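Student: I would like to learn how to read a structure like this one. Please take me through it feature by feature.

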Amino acid sequence: MKLTVKIQSIEKISTDALIIGLFEKAQKMRSVGNVESLQQSVSDMVSVDGFKAKLGEITHVLRPMGMAVKELVLVGLGPEEKFDEEAFTRAARAAFAATRAQTVSVLITDWRLENKTDEWSVLQLAMAAGTAFEPLSDDDRALLDKRRVTIAVQEKGVALVQAAKIGEAIAQAVNRAKVWGNLPANVCTPTYLALEAKKFTAYKSVTVKVHDEKAIGKIGMEAFLAVAQGSREAPRFIELHYCGAAKTQAPVCLVGKAITLDAGGLCLKPSAHITEMKYDMSGGAAVLAVFEAAAKEKWPINLVALVPACENLPDGAAYKPSDVIQTLSGKTVEITNTDAEGRLIIADAITYAKRFKPQAIIDVATLTGAVEVALGSDITGLFVNDPVLCDMIETSADVANDPVWALPYGGRRFRELLKSNVADCANTAPRGSGGGSSTAATFLSQFVDDDTPWAHLDVAATAYRGGKNPHSTGRPVPLLMMLLHQLATLAE
């Protein structure tokens, strides 16, 4: 997709399709202005179709009178008094998905929110234009490769162009994460992800290291290897470096969980859920996509991405409940549940990350089903040890419309739930103790230095959608991209 911001009046737009938003019970569209013929053409079509402009409702007007465009895509914005960020996103995505036109225009006038700038609107439209298709099929990807989108504005400025560029980059990264996430587990193996990562050497200032099983053992990542030992698929530890700023600037370190198939190990998952467990690598996919985007866009930031990739299967060699495993940090862990494997591989990766003396460590993982119980399916769980980093993440989430909610962790109660009689800690709390997401975050926090800003994003509820139409969502790529952009801007 190629996106352009252009000063253009509605009468002069000549793309294949033009998107126009319409509020319920509105007498006149915002963007039509004084083009009476167009207003009459749309009004007549609305009357014939019975279009009510309910949120996300779509109708088409072919060859509208007085216009050069071939097709008008009318999208309902719902009641004007209820038009907010969520309504904006839902309507925009519905409109861009409703047409197969290769050239599409949209007018910023229709999409203004009272509490948001035009830059925010352009950013959201750019993201919606590139990510509207769910699930993302091969035909959709082919269309997006050819599609040209114009956002028509009244006054063009550097900030609007920059917002469009960031939105376009985010959309491309989201789609990269979606593609990897949607692949079947027999294709998207740890080796496959490593080969994809090696392609990033095509970008300037990028270094790629892929540690095989032997190298992982030499590093001392015994917890990671324990999880992997039940599978015939060899594990891979993907280490990526991008140097876009001065070498003296501390890097941001992203850690992504990549369990390419999680059957639960010997604590086997119910069969109904295993088919969706190819998405358990969504955290790793998001980290890889964000890293690639930052390098491709040449953002002025230093970045380290660490992706431990393996499968968690029930084999004769699989690690067992009651095993005691030593982590890279030296801490020992009693295995009370082999299906709590993500925290083990992330713990080793966090310990490894500390050697780079990062300005922040952010891990992304489909870690607990409990986070959906706590927050529902649209909000990512946030656990963070630093108020400044927390504020930056929440601000980035707001701008990207990729919501998070800060939850508690640590403290005496959660730490006591992880006590073990035979090791430094257990990997899960006793059954029925509740607070599963907070307990998992507490486990991870043991491997982070108190003076290193750290955030854990539990995306188990938001990185994919299960059910009858399962698909990867690409989250939290928008949040991470906006956070990195914010950090890069501060460093300049």
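This is a predicted model: local features need pLDDT of at least 70, side-chain atom pairs count only at pLDDT 80 or more; totals for chains, interfaces and linings use all residues.

Student: Which residue stands opposite Lys 6 in S6?

Tutor: Strands of a sheet pair through backbone hydrogen bonds, either parallel or antiparallel. Strands here are DSSP runs of E with at least two residues, helices are runs of H or I with at least four residues, and both are numbered from the N terminus. Two strands pair if DSSP finds at least two bridges between them. Lys 6 stands opposite Ala 152 in S6. Residues are numbered from 1 along each chain as its sequence is written, and side-chain values use heavy atoms, with hydrogens and water left out.

Student: In what order do the 6 strands of that open sheet come?

Tutor: The order is S1-S6-S5-S2-S4-S3, with mixed pairing. The edge strands, each pairing on one side only, are S1 (2-7) and S3 (58-62). From one strand to the next, the twist averages 25°.

Student: Across which strands does helix H3 lie?

Tutor: Contact means heavy atoms within 4.5 Å. For angles, axes are lines fitted to C-alpha atoms, for helices over the stretch in contact, and the angle runs from 0 to 180 degrees between N-to-C directions. Helix H3 (residues 118-131) lies across S1, S5 (103-107) and S6, at about 160° to S6. Helix H5 (residues 158-182) also packs on the sheet, touching S1 and S6, and its direction makes about 160° with that of S1.

Student: How many residues of strand S4 are buried?

Tutor: Buried means under 20% relative accessible area, exposed means over 50%, and partly exposed is in between (1.4 Å probe, protein chains only). In strand S4 (residues 71-76), 6 of the 6 residues are buried, so the strand is largely enclosed by the rest of the structure.

Student: Which residues of S4 lie on one side and which on the other?

Tutor: In a regular strand the side chains alternate between the two faces of the sheet. For S4, Glu 71, Val 73 and Val 75 are on one side, Leu 72, Leu 74 and Gly 76 are on the other, and all are buried. As for its partners, S2 (residues 17-22) runs parallel to S4 and is joined to it by 6 bridges, with Leu 22 opposite Gly 76. S3 pairs with S4 in the antiparallel sense over 5 bridges, and His 60 has Val 73 as its bridge partner.

Student: What is the order of the strands in the open sheet of 3 strands?

Tutor: It is S12-S13-S17, again with mixed pairing. S12 (324-326) and S17 (425-426) stand at the edges with a single partner strand each, so one side of each has no neighbour in the sheet. S12 and S13 run antiparallel and are joined by 3 bridges; Val 324 has Glu 334 in S13 as its bridge partner.

Student: How many salt bridges does the structure hold?

Tutor: A salt bridge is a side-chain nitrogen of Lys or Arg within 4 Å of a carboxyl oxygen of Asp or Glu. The structure holds 18. One of them joins Arg 112 and Asp 118, with the closest N and O atoms 2.9 Å apart. Glu 85, Lys 116 and Asp 398 are linked in a network of salt bridges.

Student: With which residue does Asp 339 form a salt bridge?

Tutor: Its partner is Lys 269, the closest N and O atoms being 2.9 Å apart. The pair links distant parts of the chain, 70 residues apart: Asp 339 is in the loop between S13 (332-334) and H11 (342-353), and Lys 269 in the loop between S10 (258-262) and H9 (271-274). Asp 262 also forms a salt bridge with Lys 269, at 3.6 Å between the closest N and O atoms. Asp 339 counts as partly exposed because its relative accessibility is 24%, whereas Lys 269 counts as buried at 16%.

Student: Which residues does UniProt list for "active site"?

Tutor: The unreviewed UniProt entry lists Lys 269 and Arg 343; such annotations may be inferred rather than shown by experiment, and positions are given in the numbering used here, with feature names shortened. Arg 343 is in helix H11 and is buried, with a relative accessible area of 7%.
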